[in-house]
Amino acid sequence: MKPLSLVWAMIAVVAVAGATAEAAPKKKFHFELTAVTPKPEVKPEVAKAATPRIEAQVKKVFETHPQLVDKLEGAPDPKTNAEGYRKYLATKGIASAYAVTVELTDASEEVGPFDDKPNAQRLVIHIGIHMLGETIPGRTMGFTGDGKATIKQEVGMKIRDRDREYTWDQAAELAVEDAMAKVFQQLTAPPKKK
């Protein structure tokens, strides 16, 4: 083989290897939501509005995220058969499973004037959450992720229930999205060299 042909063949092999590495499937995980609780500092009336929305959004993400396996049909009980559970995860191509708790760390609702508009107000909803994932089985710390969102909505002088609900829903969705992005950065990061 001529030297130039050899160089082109090596380039082709490297290109194919690089394309294969990029096309490698992403790791799959299983998340189980164990609780969504507000911190004691969060006002009860605000926690009442935020907590169910956060819980609903977390469940929705756990069911629909492309890297999460929602149901583990026929999995052994991790409490009584840890080794069998680990083998089950491996045969299903699931990198690991986590019990996830979510804490509502901050939530607020404010209403104030909207710039120079005399017939409008601004509704401001802020939500902060903290996610903690513990491995199943074993219950060792697997990941954390904090998410925050602030939504500002122009409303009339009388705030309609659907405006308030929409704004709370949007803040919950964005806070969970923010936390999940941080969680997956941790889970997909290459292992640290020792």
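## Helix packing in a predicted model

The accessible surface of the protein comes to about 12400 Å², and 56% of this surface belongs to carbon and sulfur atoms. The model is a predicted one. Of the 194 residues in the protein, 34% are buried.

The secondary structure consists of four helices and four strands. Along the sequence these elements follow the pattern α-β-α-α-β-β-β-α. Among contacts between residues at least 6 apart in sequence, 71% join residues at least 24 apart.

**The α2 and α4 pair**

Two packed helices are described by the angle between their axes and the distance between the axes. Helix α2 covers residues 44–64, and helix α4 covers residues 161–188. These two helices pack at an angle of about 50°, and their axes lie 9 Å apart. The crossing in which α2 passes α4 is right-handed.

| Helix | Residue range | Residues in the contact |
|---|---|---|
| α2 | residues 44–64 | Val46, Ala49, Ala50, Arg53, Ile54, Gln57, Val58, Val61, Phe62 |
| α4 | residues 161–188 | Glu165, Trp168, Asp169, Ala172, Glu173, Val176, Met180 |

By residue class, the contact of α2 with α4 divides into eleven nonpolar, one polar and four charged residues.

Technical notes:
Residues are numbered from 1 along each chain as its sequence is written. This is a predicted model: local features need pLDDT of at least 70, side-chain atom pairs count only at pLDDT 80 or more; totals for chains, interfaces and linings use all residues. Side-chain values use heavy atoms; hydrogens and water are left out. Axes are lines fitted to C-alpha atoms, for helices over the stretch in contact, and angles run from 0 to 180 degrees between N-to-C directions. A crossing is left-handed if the near helix is turned anticlockwise from the far one by less than a right angle, and right-handed if clockwise. Contact means heavy atoms within 4.5 Å. Ala, Val, Leu, Ile, Met, Phe, Trp, Tyr, Cys and Pro count as nonpolar, Asp, Glu, Lys and Arg as charged, and the others, Gly among them, as polar. Buried means under 20% relative accessible area, exposed over 50%, partly exposed in between (1.4 Å probe, protein chains only). Accessible areas come from the Shrake-Rupley method with a 1.4 Å probe; for residues, only the protein chains shown count as cover.
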